[in-house]
Amino acid sequence: MCGIIGYIGQKDLCSVLLDGLKKLEYRGYDSAGIAVIQGGEIIKRRVKGKISALEQELKSSPIRGEYGIAHTRWATHGRPSEENAHPHQDCKGNIVVVHNGIIENYLQLKQELINQGHRFNTETDTEIIPHTIEKHFRGNLEQAVGKAVQELKGAFAIAVVCSQDRNKVVVARKGPPMVVGIGKNEYIISSDINPLLNHTRDIVFLQDREIGVVQPTGIRFSSFSGKPLEKKAERVSWNPVMIEKGGYKHFMLKEIFEQPQVMRDTLKGRISLDEGDVHLDEIGILKKDLNQISRIVIIACGTSFNAGLIGKYFLETIAGIPVEIEYASEYRYKDFIADQNALFIFISQSGETADTLAALREVIKKDLMTMAVCNVKNSSITREAKGVLLTHAGPEIGVAATKTFTAQMSALALLALYIAQIKKKMNKEQRLGYIQELQRIPHQMENILNKVRSIEAAALDFISYSHFLYLGRWVNYPVAREGALKLKEISYIHAEAYPGGEMKHGPIALIDEKMPTMVIAPRDRVIDKVLSNISEVKARLGTVVAVSNQDQKELSDKVDKVINIPEIHELFSPFLTAIPVQLFAYYIAAERGADVDQPRNLAKSVTVE
Ligand code: AGP
């Protein structure tokens, strides 16, 4: 949540900062601001609304500067408005700060600062940061920041500039991410690697309780307590093309279409058809340790949670291990059992989700076996978990997760096979059978994507409804959940997901001609039960759209619309059923004119609790 960018270098400052903000906009988009230093003076521009509004403001009222910082906001404390937009400043306007996170003790600090004579202009928690730095400032910015951050409780990543200690941007991190890109005679600081890719791929990742001082002559790092730190840049593999729309109308659509390749990339180098083996030694957990696990706990949020629900079926069916799955936001406060024979898997696209990270830390405190399934190398969750299984989805810009869902399912299927192999749960032929099924899937996905127009046509018949029910059973109940989540978050249509068998216990009361039902109905062990659920909906005048590979005739007699998918192994059908539900939500939202890539009230990476 919230995006931070800063620049010291030779390029046009405002262009670099604006371009960086655009690439960070998916982190928050309710207000934005910029501060530059020009000849010892700080010049600010702030607006309510998106980066385009800031761009307009800078066109009508241009500024120039030698270096500067900028911010796109997702409001936590204080409504979205110009005065609450970052950067915030101290009493004299000499120190300005951009911040991502929440300062939990801001009310207490604010009162103390007011008692000392500081004047506040906003409702934000952030505003206490420049004032606290001001309180400690004796001519050296990093020393003042070092003292200030020790008073702050909560989570924060900040970037600070000061007109009285020039030619430096000071950054600090406790919680939300902060990185520094090292270019040729230039430095770019950011809360995410995406905006850096046009400038450099050599990146230093700040860790918790670290401070960086970025100057035209170089960078140095220290701990909050002032101890100097040696930090090395790491070269990232992502490139700038990956974060362009590539001719698609929205990032979400592009990312849906990337799914066959994402699955290929996630499987690549990890399976061997000759031996029928899965190779995951890279994860950093010894085979002998995996061999002794008798239970798995999966912890995640949102779409990653839904992928975890599907992973539970993969792991239980293939590896024969009981799996529980929990919301990270609940697990972190739970008295959970410190089971030494359990593997705790944390699934996260970003690797920065505050609840997932906090739950991971609780599990680490009890010295248990942890593993991350994550899309961002070097993210907090990958750094702290013992094992790491990377999903190779590349950067995902659309706020609605799509390709990373597929990548997570792919990784979990591989993990299930790997554990089955270690525990000798199945012979080579059986493993090979599953591996061959997985390998076929990207091509089957392409078959669905080639018929995208028919999915679009089906979706356009449903744009005017206000409520939707999603039903699925067994391994496709999680897909129903994911479909409902996609529809809710990007089109703002109310949608609920239920396992088909639960409908008669309550939700069936909702069915009428105004409440259509999307049924995920591939031919599998529960198809007859699902067909009965469809009949129950139709008997109550409900409209049904089904995602299925069931015999055309049998199904088309029963439902109003069918979105066809190819034949697939029943356990792996979510890889295919997920795509039509993503596209269905996408086309409804796009047709309704919703802001598909940046839905209201949301942010891509949820780094606050
Ligand atoms: C779904 O479309 C959302 N982007 C959201 O539910 C997301 O999956 C959730 O916030 C978890 O994020 P993470 O995977 O980065 O931890």
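User: What covers the buried residues of H11?

Analyst: The cover includes strand E18 (295-300), helix H10 (328-331), E20, strand E21 (369-374) and helix H12 (380-384). First, the ground rules. This is a predicted model, in which local features need pLDDT of at least 70 and side-chain atom pairs count only at pLDDT 80 or more, while totals for chains, interfaces and linings use all residues. Residues are numbered from 1 along each chain as its sequence is written, and side-chain values use heavy atoms, with hydrogens and water left out.

User: What makes a stretch a helix or a strand?

Analyst: Both are DSSP runs, numbered from the N terminus: helices (H or I) have at least four residues, strands (E) at least two.

User: Which residues of H11 are buried?

Analyst: They are Ala354, Asp355, Thr356, Leu357, Ala358, Ala359, Leu360 and Val363. Buried means under 20% relative accessible area, exposed means over 50%, and partly exposed lies in between (1.4 Å probe, protein chains only).

User: Why is Ser350 called buried?

Analyst: Its relative accessibility is 9%. The limit is under 20%, so Ser350 counts as buried. Ser350 sits in the loop between strand E20 (342-348) and helix H11 (354-365).

User: What makes the link between Ser350 and Thr353 a polar contact?

Analyst: A polar contact is a pair of N or O atoms within 3.5 Å; within protein, one must be able to donate a hydrogen and the other to accept it, and residues adjacent in sequence count only if both atoms are side-chain atoms. The side chains of Ser350 and Thr353 make one of 3.3 Å. Ser350 and Ser348 also have a side-chain polar contact, of 3.5 Å.

User: Which residues beyond its sequence neighbours is Ser350 in contact with?

Analyst: Contact means heavy atoms within 4.5 Å. Leaving aside neighbours within four places in sequence, Ser350 is in contact with Cys374, Val376, Ser379 and Ser605.

User: Where does H14 bend?

Analyst: H14 bends by about 30 degrees at Ile441, and Pro442 follows within four residues. The bend is the angle between axes fitted to the seven residues ending at a residue and the seven starting there. Ile441 and Pro442 are among the buried residues of H14.

User: Is Ile568 buried or exposed?

Analyst: Ile568 is buried, because its relative accessible area is 10%. Ile568 lies in the loop between strand E27 (561-564) and helix H19 (574-591). Not counting residues up to four places away in sequence, Ile568 touches residues including Arg440, Ile441 and Gln444.

User: Is Leu541 buried or exposed?

Analyst: Leu541 is exposed, because its relative accessibility is 60%. Its phi is positive too, near 70 degrees. Leu541 is in the loop between helix H17 (527-538) and E26.

User: Which peptide bond is cis, with omega near 0 degrees?

Analyst: The bond from His86 to Pro87 is cis. Pro87 is in the loop between E4 and strand E5 (88-89).

User: What makes E23 and E25 a pair?

Analyst: Two strands pair if DSSP finds at least two bridges between them. Strand E23 (residues 467-472) and E25 have three bridges, in the parallel sense. In E25, the bridge partner of Tyr470 is Met518. E25 also pairs with strand E26 (residues 544-548), in the parallel sense over four bridges.

User: How do you know that both faces of E25 are covered?

Analyst: Thr517 and Val519 are buried on one side, and Met518 and Ile520 are buried on the other.
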